[in-house]
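Let's take a look at how charged side chains pair up in this protein. Have the sequence and the model open as you read.

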Amino acid sequence: MKFGDNLEDSTYAPWKDNYVQYNALKKQLEQGLNGPHGWTERDEGIFGQTLDGDLTKIYNFVNAKFEELQERTTKAELRVATFQEAYNQKALESLTAAISDITDDVNQLSKYCRTNYAGFLKIVKKHDKNVPYKLRPVFMVQLKSRAFYNVNFDSLVVRLSKLYHTIGVESLPFGTPITPSTLTGMINQQGLDRRSFKFWVHPDNVMEVKTTVLKHLPVILYTPRGPGPNNTESLDPSLSSVYLDNSSFDLYNTKLERKEGAQAIRLRWYGSPSNNEIFIERKIHHEINKLGEYHDRFSIKEKYVDAFLKGTYTMDRQVAKLKEQGVKSAAEIEQFQELVKDVQKGIVDMKLRPILRTVYNRTAFQIPGDNRVRLSLDTDLCMIREDNLDGVTRSGNHWRRMDVEYPVGAKTAHEHDTTRFNYAILEVKLELPPNKATPAWVEELMNSHLVESAESFSKYVHGVAVLLESHVALLPFWLAQLEKETGRTPDAMRGQLSADTPSISRANSTAEIESINSRRSSVVSRAESEHGPALSKGKSRSMDVVVDSNYGGPYGSNSRPGSSRASSIKKGFGFKGLGGVFKKSKGSRETSPLLGPTQADDVVPQIRIIPPKPKKIVGVLKVEAKVFFANERTFLKWMNFAVLLGTLGVGLFNAGDNIGRFAGILLAITALLTLVYSIWLYERRLTMLRNKDPGPYDEPVMPTLMCVCLLTAISLNFYLKSNVKSKP
């Protein structure tokens with residue numbers, strides 16, 4: 001669909017006169033370009049004035065509408081405060097309708113900002129594509145000075161959430177207050193078994209998802225401890241995590257393959273890096289019985305983190321302090337000690353170091369003290385390298401790098417170490433009783449067009465797969481899904497991946513290598529002129545170029561009979577293949593796709609290009625019902641074979657002579673072993689299927705042993721029969 005038609009469909013009728021005049025500006029372009037004198041300076045001036053007028057109009061409209069929404073919200077808060085003293089069902093319905101209208105307008109204003117921002121970029125791009133004047137540099141300066149698209153709706157969302165749940169809409173009793181710092185008293189909960197569903201949310205649908213959820217669950221925000229203002233305007237929703245792993249990326253691989261007991265260890269803080277309270281968290285994956293992930297954590301002061309990771313600092317002071325306070329029981333303190341020691345031992349033994357940082361803004365929805373339904377929406381996800389690999393010092397000996405400025409903007413000084421995720425991430429966590437159905441509004445949201453299922457998605461796995469692709473052998477399956485949905489190339493989708501320098505080995509001399517490289521560069525330059533620069537830039541994938549030192553060239557002084565390049569190539573059988581044998585090679589010219597034409601006196605080592613080994617894509621194993629039936633059919637086939645073999649063995653034992661009885665015993669034993677093996681194999685594969693184990697499912701050993709036993713019994717029978725002398 002063209003953007004002009006899309007703009008008309010997205011227009012909110014009450015505000016239709018306040019949108020960018022995209023079709024009118026497009027018509028101006030067409031008329032000016034098709035005029036007798038082409039596009040003139042006068043046309044450029046009129047176009048610029050119209051564009052600037054639309055920008056000013058939209059900027060003023062957004063500011064006025066946002067102030068209006070704030071005033072309406074303030075009036076609703078005053079009505080709620082007075083309404084608590086005089087409860088009336090009719091007044092309650094009126095107040096609820098007023099709050100719903102404000103919520104709808106907030107959602108519409110968010111869509112309005114995104115639509116007009118896209119309209120400005122589209123029309124400026126069309127202008128610069130068809131007109132000799134370049135408008136984008138100047139217009140972007142004007143757009144940043146009147147940044148209507150950067151309106152922060154978080155404060156309004158929090159205030160509306162408080163209004164909904166103060167009047168008790170579907171969640172809390174009437175009059176129950178919800179404060180933005182409610183989460184402060186909940187952060188130290190440990191040992192939570194979580195079942196979660198993950199979804200991607202397009203940026204255009206983020207506000208609609210927020211306004212949908214806040215009608216059912218209150219918004220909760222984390223407030224860092226310590227002095228400072230505590231209101232909705234000063235709250236920082238940013239959340240940062242530094243993930244640990246070793247040089248072999250063991251935690252990455254086990255998490256990606258979803259192995260039972262796979263761990264993820266991270267250091268997390270809320271708000272800016274100046275926050276002194278750091279949480280060390282451990283997540284353990286449980287697939288059996290669908291327990292989900294086991295999540296526990298403890299807090300530590302920032303100045304002790306480096307020593308804790310090295311194993312030189314213990315939490316004995318905190319333990320003694322807990323015992324003195326007497327707030328926790330002896331069992332809880334002992335559990336805390338075991339957790340700290342276990343996490344520290346794992347970090348030291350596995351040699352875990354900082355690998356990746358994730359930074360994003362989180363909006364959480366939850367009834368305080370009620371873990372049955374929890375939702376979190378993470379936006380503006382940014383992933384930054386923290387490792388010291390590739391000979392680059394990033395975090396150094398510290399547990400995090402200190403050159404990251406907050407808030408993380410669109411561009412940073414270390415852009416080559418950064419990648420951004422274009423979608424928001426919605427996580428739905430349910431802890432419902434066995435007979436309790438999922439709330440209808442949650443089911444409706446998860447099945448709606450607003451979200452896209454992202455099962456098994458992990459921020460850490462995605463960041464490593466994108467930024468450290470050359471260091472890992474496995475890639476997550478959702479990279480292909482993202483490439484398909486965004487329509488971009490893999491390199492553009494994954495960010496700027498560092499290309500490995502092609503390695504040349506087994507060369508005769510340095511001069512030889514330089515000669516080859518100079519020839520390759522000349523061929524690349526010719527390829528650029530013929531096919532464009534995209535051919536020579538490559539795909540940022542490593543490629544090995546191997547120079548064979550034993551090759552003396554097809555026509556050089558070191559060449560031997562039969563060592564020509566034509567004879568070294570494997571030819572197919574037929575007349576075409578035979579024809580090449582009788583071709584004369586003397587004085588001919590060959591064309592190499594890499595080095596270009598070669599002369600008779602041109603001695604060039606043979607070059608073999610080894611393409612990069614493809615990465616293994618790890619996906620979600622989906623077990624269908626037919627797989628269980630196939631397992632049962634395999635079991636029945638083995639049973640059929642065992643019964644047949646056993647019947648033959650019993651028959652030989654009962655009706656034969658001593659030799660027949662001996663062969664019957666061997667066949668019967670083989671049948672019993674086959675029967676036991678078939679039962680064991682059936683149960684083993686059934687357990688693997690239930691646990692969604694990726695395999696392998698083949699069993700090459702036992703079938704071979706069965707064949708050996710059967711062959712032995714038959715061979716012995718023939719051998720003994722042939723050696724027995726017949727009676728006279």
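We can start with Asp154 and Lys210, whose side chains meet in a salt bridge at 3.3 Å, N to O. (A salt bridge here is a side-chain nitrogen of Lys or Arg within 4 Å of a carboxyl oxygen of Asp or Glu.) Asp154 sits in helix H6 (residues 154-166) and Lys210 in helix H7 (residues 206-213), so the pair ties together parts that are 56 residues apart in sequence. Helices are DSSP runs of H or I with at least four residues, numbered from the N terminus.

Are the two partners buried or exposed? Asp154 is partly exposed at 27% relative accessibility, while Lys210 is buried at 6%. Buried means under 20% relative accessible area, exposed over 50%, and partly exposed in between (1.4 Å probe, protein chains only).

## About the model

This is a predicted model: local features need pLDDT of at least 70, side-chain atom pairs count only at pLDDT 80 or more, and totals for chains, interfaces and linings use all residues. Residues are numbered from 1 along each chain as its sequence is written, and side-chain values use heavy atoms, leaving out hydrogens and water.

Glu68 is partly exposed at 31%, and so is Arg72 at 24%.

## The wider picture

Searching the whole structure turns up 30 salt bridges.

Technical notes. Helix = DSSP H or I, 4+ residues; strand = E, 2+ residues; numbered from the N terminus.
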